[in-house]
Amino acid sequence: VASRAEMDTITYSSAVSACGNGGVWAKALWLLGDMVDKHVEMNVITCIAAVSACQKGGEWSQTLALLGHIVVSFMELSTVVFNSAISTCAQGGAWAQVLMLMIDMASRHLAMDAITYSSAISAFEQGQLWQHSLAL
């Protein structure tokens, strides 16, 4: 049986995910703020749901801010979290941010996968920097 604190985290995570699926990324971020205000512990699942909500909304700058919060909170960053951020930046044509995220992944010894590379190639293509794709 889950504790009250775990249920609150699970409930919030589900709500953040639902906001992302409903296309209301700002509400998902508001819920994260509410979690902080109410001292409800965030977990990696909550953060992935929030990053996904920002991704679906095309909000790459919000995604980067969220990644910064995750780092400050000492939560584990995963390839999945980075891939969501990289994909969001690629959709927004923010190729320089994609490159920085990939460098950050490498410094954390996180494995890059087909999603990582595909999103990076897309970002470079949008920025008319196809030559960078060859270096991958």
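This is a short walk through the predicted model shown above.

Okay, some ground rules. Since the model is predicted, local features need pLDDT of at least 70 and side-chain atom pairs count only at pLDDT 80 or more, while totals for chains, interfaces and linings use all residues. Residues are numbered from 1 along each chain as its sequence is written, and side-chain values use heavy atoms, with hydrogens and water left out.

So, the overall picture. The chain has eight helices and zero strands, where helices (H or I, at least four residues) and strands (E, at least two) are DSSP runs numbered from the N terminus. Of its 136 residues, 38% are buried; buried is under 20% relative accessible area, exposed is over 50%, and partly exposed is in between, using a 1.4 Å probe and protein chains only. Now contacts, meaning heavy atoms within 4.5 Å. Taking those between residues at least 6 apart in sequence, 59% join residues at least 24 apart. The chain exposes about 7400 Å², with carbon and sulfur atoms supplying 61% of that; areas come from the Shrake-Rupley method with a 1.4 Å probe, and for residues only the protein chains shown count as cover.

Let's zoom in on H3, which runs 44-56. At the start of H3, a side-chain oxygen of Asn-43 comes within 3.1 Å of the backbone nitrogen of Ile-45. Buried residues in this helix include Cys-47, Val-51 and Cys-54. After H3 comes Gly-58, with a positive phi near 70°.

Most residues other than glycine have a negative phi. Which way does His-39 go? Its phi is positive, about 55°. His-39 sits in the loop between H2 (25-37) and H3, and it's exposed, at 74% relative accessible area. Then there's His-109, also not a glycine, with a positive phi near 60°. That one is in the loop between H6 (95-107) and H7 (114-126), and His-109 is exposed too, at 73% relative accessibility.

Last stop, the surface. Which residues form a nonpolar patch there? They're Leu-99, Met-100 and Ile-103, with about 280 Å² of accessible area together. For patches, residues need over 30% relative accessible area and no salt bridge; like charges are joined within 9 Å, and nonpolar side chains (Val, Leu, Ile, Met, Phe, Trp, Tyr) within 5 Å. A salt bridge is a Lys or Arg side-chain nitrogen within 4 Å of an Asp or Glu carboxyl oxygen. Ile-103 is in helix H6 and is partly exposed, at 48%.

Definitions and conventions:
A polar contact is a pair of N or O atoms within 3.5 Å; within protein, one must be able to donate a hydrogen and the other to accept it, and residues adjacent in sequence count only if both atoms are side-chain atoms.
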